[in-house]
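The entries follow in the order in which I made them.

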Amino acid sequence: DGCGHTVLGPDSGTLASINYPRTSPNSTVCEWEIRVKPGQRVQLKFGDFDIDDSDSCHSSYLRVHNGIGPNRTEIGKYCGFDFQMDGLITSKSNEVTVQFMSGIHTSGRGFLAAYSTTDKSDLITCLDNASHFSEPEFNKFCPAGCVIPFADVSGTIPHGYRDSSSLCMAGVHAGVVSNTLGGQINVVISKGIPYYEGSLANNVTSEVGHLSPSLFTFKTSGCYGTLGMESGVIPDSHITSSSILEWPNQTGQVNIWKPENARLKRIGPPWAAFISDEHQWLQIDLNKEKKITGIITTGSTLAEHYYYVSAYRILYSDDAQKWTVYREPGMDKDKIFQGNTELYQEVRNNFIPPIIARFFRINPVKWHQKIAMKVELLGCQFSIGRAPKITLPPPPQNKNDEKNADFMDDFIHSVKTSLQTDKTTFTPEIKNTTVTPSVTKDVALAAVLVPVLVMVFTTLILILVCAWHWRNRKKKTEGTYDLPYWDRAGWWKGMKQFLPTKSAEHEETPVRYSSSEISHLRPREVPTMLQTESAEYAQPLVGGITGTLHQRSTFKPEEGKEASYADLDPYNSPIQEVYHAYAEPLPVTGPEYATPIIMDMSSHPSTPLGAPSISTFKAAGNQAPPLVGTCNKLLSRTDSASSAQALYDTPKGQLGPGSANQLVYQVPQSVAHPTGSKDE
C-alpha cells in the first residue's frame with residue numbers, strides 16, 4: 001500500500017512513493033520489480049529523496065537489490081532528509097528490486113526515481129527542467145511515465161515552453177517522446193517571451209505562463225505538417241462516414257452535417273453521426289500512403305450545439321478492407337486517445353511511432369450529447385518504398401520431391417537474407433572509396449571558386465567592352481575635324497608628318513572650326529588668337545562676327561609658301577539662316593575664286609587709323625598682315641543678273657613704284673550684306 005506513481009516500461013520507467021510529493025503515510029510498504037532485456041543492466045537515478053532518518057534507517061528507508069526473488073543481493077540502503085544521491089545506482093544484471101518502507105514519522109516527502117538501461121548515459125528524471133542545465137543546446141533521455149500530476153508545463157509548440165517546465169513532460173506534450181516508452185530529446189534554449197499559451201495535447205495540459213528569462217524548444221524531424229483537411233487538398237469525395245446527421249430547423253430547412261464538413265477551422269457545422277454509438281466512424285482517404293504523426297480535433301464549434309467527442313480509437317488500412325487498431329509498442333490493448341473537453345478547443349494527439357497508411361479512420365468511444373467533430377491530420381510524405389513481394393519461380397519438373405523441397409527452402413532463405421525488410425526505412429551509408437578526403441575537400445572548394453572566378457572575369461570583360469563603346473561614341477560625337485579645345489592646332493601639326501605631301505597648289509582641304517571655343521573670347525582676343533595659335537591657316541580679320549562661324553569652314557591649310565583662299569563646294573552646302581561669312585563663289589563665267597585683295601600699307605600713308613581693314617587673306621611670306629582698325633567688317637555680294645559684267649573697278653590713283661602685286665583694289669561694287677560689328 002506504499003506504491004505511488006508507477007510506469008514500468010520495457011527500457012525505462014518512473015516510480016515514486018505514495019502521496020509524493022506530500023508526506024507519505026505511516027507503516028506502508030511497496031516493492032517494485034524491474035526487468036529489462038537480457039544482456040542489459042539497469043541504472044537508477046533519484047530526482048527527489050526525502051525519507052525520515054530519525055531511527056537510522058531502521059523503520060523508514062529505501063533498499064535496492066540486484067535480482068528478483070529470494071536470491072537477490074542488496075546494493076544499498078538509503079534514508080535521510082533531502083538526501084543527495086550522487087551519480088547512478090547500477091545493477092549487475094537485467095533485474096532489480098526496489099523496496100520502500102515507511103515507519104512512524106511526521107515528515108518526509110518520500111522519493112521519486114527513474115530507471116533505464118545503462119546505454120542511456122544521459123538519463124534524467126521527470127522533475128528536471130531547463131534551468132538545471134547551462135548549455136544552450138543539449139540531448140537528454142527522458143524515461144517513460146513522465147506525465148505526472150505534480151509537474152508543471154507552460155507553453156506550447158512552436159512558440160516554446162517556459163524554462164520552469166518539466167523537460168520530459170513538455171516533450172510528451174510536444175509529441176517528441178512517448179509517455180509509455182520515453183525517448184531522446186534535443187533541447188534548444190533561447191530568450192524568454194512575455195506570454196506562454198496553454199493547450200491540451202497528448203493527455204498533458206499546458207498552463208498559461210508569464211514572462212521568464214528563457215524558454216526551450218525541441219528539435220524534431222519536421223514531419224508535423226498538415227495533410228490537407230483544412231486546406232482542401234483532400235477532396236470531399238475522399239471523406240466518408242458511417243452515417244450523416246440530418247434534421248430540420250425551426251424554419252423547416254433541412255440541415256445536413258456531411259462528412260466533408262469535418263475540416264478543421266472551417267466555418268459552419270461539423271460532421272455529425274446520425275446515431276451516437278461506438279460503431280460510428282469518420283474515414284479519410286489520403287490517396288496514397290502517408291506518414292501520419294498526429295491528429296487535431298475540435299467539437300461542433302457551434303455554441304447552440306454543444307457536441308464533441310471526448311475519447312476515440314484510431315484505425316488504419318492500406319486497402320480500406322482490412323483495418324488495424326492503433327496500439328503503442330509492447331501493449332496488448334488498443335490505445336484510447338483523449339479527445340475534447342469542450343466544443344471549441346483544439347486538442348492534439350501524436351502517434352509514436354507514426355502510422356504509415358493510406359486510409360485513416362476515427363472511431364469515437366465517448367462523446368458529449370452527440371458525436372460531432374472537425375479534424376486535421378499531421379504528417380508528411382512517405383517516400384521510402386517497402387520490400388517487394390516475393391514471387392516464387394515454378395519448381396523444376398522432377399520426380400524427386402525432396403530435391404524440390406530443398407530447392408524451395410534454399411530459394412526462400414536466400415531471398416529473405418537479401419531483403420532486409422526491417423531496415424528499409426533507413427538509407428544505407430554509402431562511402432566513396434575512390435576519392436580521398438583531401439581530394440573531396442578540394443573538389444568542394446573548386447566547385448565554389450570556379451563560379452566565382454567566372455563571374456569576376458565576365459564582369460571585367462563587360463566593363464572593358466562598355467569602356468570601348470563609350471570611347472568610340474565619344475570620338476564620333478567630337479567629329480572628324482572638330483578637335484578638342486585644348487590641342488586643336490598642335491594636333492594638326494603633329495598629324496601633318498603622316499600625311500602625303502600635296503603637290504597641287506590649290507588643292508582644297510576643308511577644315512572646321514568649333515564656334516564654342518571662339519565665341520567665349522572677347523573681341524580683342526579673337527584676332528590675336530587666330531594669328532598666333534594657327535598661323536598656318538588663312539585667318540579672317542572679322543573678329544566682330546567670329547562667333548557666327550559654323551562647323552563648315554572654307555579655310556584651307558596650305559603646304560606651299562603662299563596661302564590662298566578656296567571655297568569647298570559651296571553649292572552643296574546647306575542653306576544657313578545667317579549669311580556667309582566669306583566671299584561667295586563667282587558666276588559660272590567668272591573666275592572660280594574671288595581675286596584676293598592685297599593692301600600695301602606703305603603706299604597709303606594717309607590712311608586714317610580707324611579705316612577698316614580690306615584684306616581677308618594671308619599675305620605673302622611667313623608673317624600674317626597686321627590687324628588695322630578697331631572695327632572689322634566683311635562684305636559679301638549677291639549674284640549679279642549679268643554675269644558677264646565686270647565685278648571690280650579699275651585701280652585707284654597712279655601706279656607706284658611697287659610691283660603689280662601691290663595694286664590695291666576696291667571692294668566689289670555689289671549690294672553689301674551688313675554682317676554686324678563688334679568693337680574691340
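I counted a charge as over a ring if NZ of Lys or CZ of Arg is within 6 Å of the ring centre and within 35 degrees of the ring normal. By that rule I also noted Lys 120, which lies over the face of Phe 141 at 5.3 Å from the ring centre.

I record here that this is a predicted model, in which local features need pLDDT of at least 70 and side-chain atom pairs count only at pLDDT 80 or more, while totals for chains, interfaces and linings use all residues. Residues are numbered from 1 along each chain as its sequence is written, and side-chain values use heavy atoms, with hydrogens and water left out.

I next asked how many aromatic pairs the whole structure holds. The search returned 19. Rings of Phe, Tyr and Trp (its six-membered ring) pair if their centres lie within 6.5 Å; planes under 30 degrees apart count as stacked, over 60 as edge-to-face and the rest as tilted.

I examined Tyr 20 and Phe 150: their ring centres are 5.3 Å apart and their planes stand at 80°, so the pair is edge-to-face. Tyr 20 lies in the loop between strands S2 (12-17) and S3 (28-35), and Phe 150 in the loop between strands S10 (137-142) and S11 (155-156), so the pair ties together parts 130 residues apart in sequence. Strands are DSSP runs (E, at least two residues), as are helices (H or I, at least four), numbered from the N terminus.

Is Tyr 20 buried or exposed? I found Tyr 20 buried, at 9% relative accessibility, whereas Phe 150 is partly exposed at 23%. Buried means under 20% relative accessible area, exposed over 50%, and partly exposed in between (1.4 Å probe, protein chains only).

I then turned to Tyr 326 and Phe 351, whose ring centres are 5.4 Å apart with planes at 55°, so the pair is tilted. Tyr 326 lies in the loop between strands S26 (324-325) and S27 (337-338) and Phe 351 in strand S28 (residues 347-368), so parts 25 residues apart in sequence are tied together. Tyr 326 is buried at 4%, and Phe 351 is buried at 2%.

I also noted a cluster linked by ring pairs: Trp 32, Phe 46, Phe 49, Tyr 78, Phe 83, Phe 100 and Phe 111.

Last, I recorded the secondary structure of the protein as six helices and 29 strands. Of its 680 residues, 38% count as buried.
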